[in-house]
Amino acid sequence: MSASASESTSPPGDGDGNLVLCMVCGAPFQSTQDCLAHALLKHGSKLQKQLRKRLNAITTILNSAQSQSERHELREALEKSKPGGHLRTVLNIFAVDLEKMKTCFEHVRNCIEKEMKGKVRVFPFGSLVTGLALKESDLDLFLEPNGNQPPLCHQYLYNRTSYFLRSSKCFADVVTIRHASVPIIRCKHQLTGLNIDFNMSNPNGIFNSRFVGELMLRNERIRELSLFLKIWAKKLKLICNGGMTSYCLISLIIVNLQVNRIVPSVKQLQSLCPPVILSGVNFAYSLDLTPPITERLTTLDLLKNFFIYYSTVNFDKSLLSPFLGGCVDKETTLGIPGGFPEYDEQQKLVHDATGEPPHAFQLDRVMCVQDPFELNRNVAKSVSIANLFYFRQCLVLAAQACSDQELTSQPEKLYDYLLFGLADKLVADKIVADKRWQIQCQIENRS
């Protein structure tokens with residue numbers, strides 16, 4: 001590793017009381033290195049190979065010219081930050097200009113609606129609506145047939161949109177993904193360079209995004225927390241194939257805020273307003289019950305709470321439910337009839353509305369995070385056991401960093417460590433763990 005890539009803030013040590021739990025069996029360890037060595041030795045070569053692959057990718061990224069340039073830019077900006085302005089500096093560097101995204105949306109909406117002669121309406125969802133867009137974020141759009149016009153079937157609308165995008169000079173790199181669970185069309189907007197995903201069969205993202213967006217507007221510290229954690233997860237490749245999605249991360253943030261009594265459960269938020277039913281799912285909510293956040297609680301406090309909380313959650317036995325507002329035992333809640341009456345009722349309503357039996361919540365996944373509204377949807381279903389183990393290690397190191405007085409007194413070093421130095425330490429820990437694993441294997445082979 002080159003000097004500029006390997007140079008990092010001194011990481012916090014594994015102090016007393018900061019036990020690291022094995023993500024596979026839950027065994028406690030005093031250090032990340034011991035935990036990794038145990039996992040590699042006791043849980044098979046497959047996990048070892050997957051972790052090595054992940055950390056090799058992290059090493060490659062750390063060594064890349066882009067990563068080194070970003071880290072240099074971040075350090076320079078942090079050194080120039082005024083007291084109390086370091087987090088804002090980080091967000092300004094990595095977050096996208098929302099006005100640019102809005103301009104792109106307006107242009108695309110006008111093009112599509114004009115081409116379709118008023119037969120469709122275009123709605124944004126995702127990071128533009130939530131306000132959590134990063135510089136690499138896509139623009140997510142939903143095409144809805146206009147109720148005032150003769151209806152267009154989804155297949156016709158999909159083909160018509162694909163043809164228009166391919167023939168227009170405003171768009172490039174058009175790719176149709178027809179066989180996904182939600183078919184999309186992906187392309188690039190020539191004027192702004194933004195990537196766009198068109199969806200015309202599932203409008204649920206519109207409602208989810210509005211809920212998250214309004215929640216972000218309740219208090220700037222909630223938005224800062226969510227935006228920083230999204231940057232953190234992207235830099236550490238926690239958001240990736242086989243890992244979590246951005247929406248899964250946001251759902252985890254909401255649950256953590258609920259556990260800390262900053263945000264009520266969605267069940268409570270629905271108690272004060274009439275239902276808004278779409279295909280059997282109630283997307284209604286009212287944030288009037290959301291209490292103000294005490295002024296003494298900083299965004300850094302919220303970050304620390306998030307890291308500490310999830311570094312101790314037993315994901316193997318837990319259901320993280322924004323609807324219920326916390327962490328519950330997944331087997332007693334969803335594994336037995338009658339454990340979750342609202343879930344059972346929604347399944348019946350979805351069946352009645354669609355005429356087809358809905359899928360059950362996927363309890364057999366290594367991580368169970370429930371959608372705030374679609375109670376049968378596990379938004380963490382794609383997370384593999386290796387990526388969950390990796391997530392745990394990232395959480396433990398981040399929690400230790402946010403509890404280290406030396407680092408927290410120097411925020412320019414803290415944020416550099418969380419976004420770049422933490423990955424350095426993970427790679428170093430993995431090398432040590434690999435050596436211990438190899439030595440132990442040699443000993444066992446001799447015996």
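**Notes on aromatic pairs, cavities and buried residues**

1. Y285 counts as buried, at 18% relative accessibility. The cut-off matters here: buried means under 20%, so Y285 qualifies. The model is predicted, and this value is computed from it.

2. How many aromatic pairs does the structure hold? The count comes to 15. In one of them, the ring centres of F211 and Y285 lie 5.1 Å apart, and the planes stand at 70 degrees. Angles over 60 degrees count as edge-to-face, so this pair falls in that class. Both numbers are needed, because a pair of aromatic rings is described by the distance of the centres and the angle of the planes.

3. What does the pair tie together? F211 belongs to helix α9 (residues 204-218). Y285 belongs to the loop between β9 (281-282) and α13 (299-312). The two parts are 74 residues apart in sequence, so the contact links separate stretches of the chain. F211 is buried, with a relative accessible area of 1%. Y285 is buried too, at 18%.

4. Two further aromatic features deserve a look. One cluster is formed by W232, F306, F307, Y309, Y310, F315 and F391. Elsewhere, R210 lies over the face of F207, at 5.9 Å from the ring centre.

5. Rolling a probe the size of a water molecule over the atoms shows where empty space is left. The structure holds 2 cavities of 30 Å³ or more.

6. Which residues line the largest cavity? They are R54, L238, G243, M244, M367, V383, N387, L388 and F391. By type, they divide into 6 nonpolar, 2 polar and 1 charged. Helix α16 (residues 385-402) gives the most to this lining, with 3 residues.

7. On cysteines: the structure holds 0 disulfides. C248 counts as buried, at 0% relative accessibility. C394 also counts as buried, again at 0%.

8. Is helix α5 (residues 86-94) mostly covered or mostly uncovered? Mostly covered: 7 of its 9 residues are buried. The buried residues are H86, L87, T89, V90, L91, I93 and F94. For reading such a list, recall that an α-helix has 3.6 residues a turn, so residues three or four places apart point the same way.

Key
Residues are numbered from 1 along each chain as its sequence is written. This is a predicted model: local features need pLDDT of at least 70, side-chain atom pairs count only at pLDDT 80 or more; totals for chains, interfaces and linings use all residues. Side-chain values use heavy atoms; hydrogens and water are left out. Rings of Phe, Tyr and Trp (its six-membered ring) pair if their centres lie within 6.5 Å; planes under 30 degrees apart count as stacked, over 60 as edge-to-face and the rest as tilted. Helices (H or I, at least four residues) and strands (E, at least two) are DSSP runs, numbered from the N terminus. Buried means under 20% relative accessible area, exposed over 50%, partly exposed in between (1.4 Å probe, protein chains only). A charge sits over a ring if NZ of Lys or CZ of Arg is within 6 Å of the ring centre and within 35 degrees of the ring normal. On a 1 Å grid over the protein atoms alone, a cavity is a set of points where a 1.4 Å probe fits but cannot get out, and a pocket is an open set with protein on both sides within 12 Å along at least five of seven lines; lining residues have an atom within 4 Å of a point. Grid points are joined across faces, edges and corners, and a volume is the space filled by probe spheres set on the points. Ala, Val, Leu, Ile, Met, Phe, Trp, Tyr, Cys and Pro count as nonpolar, Asp, Glu, Lys and Arg as charged, and the others, Gly among them, as polar. A disulfide is a pair of cysteine sulfur atoms within 2.5 Å.
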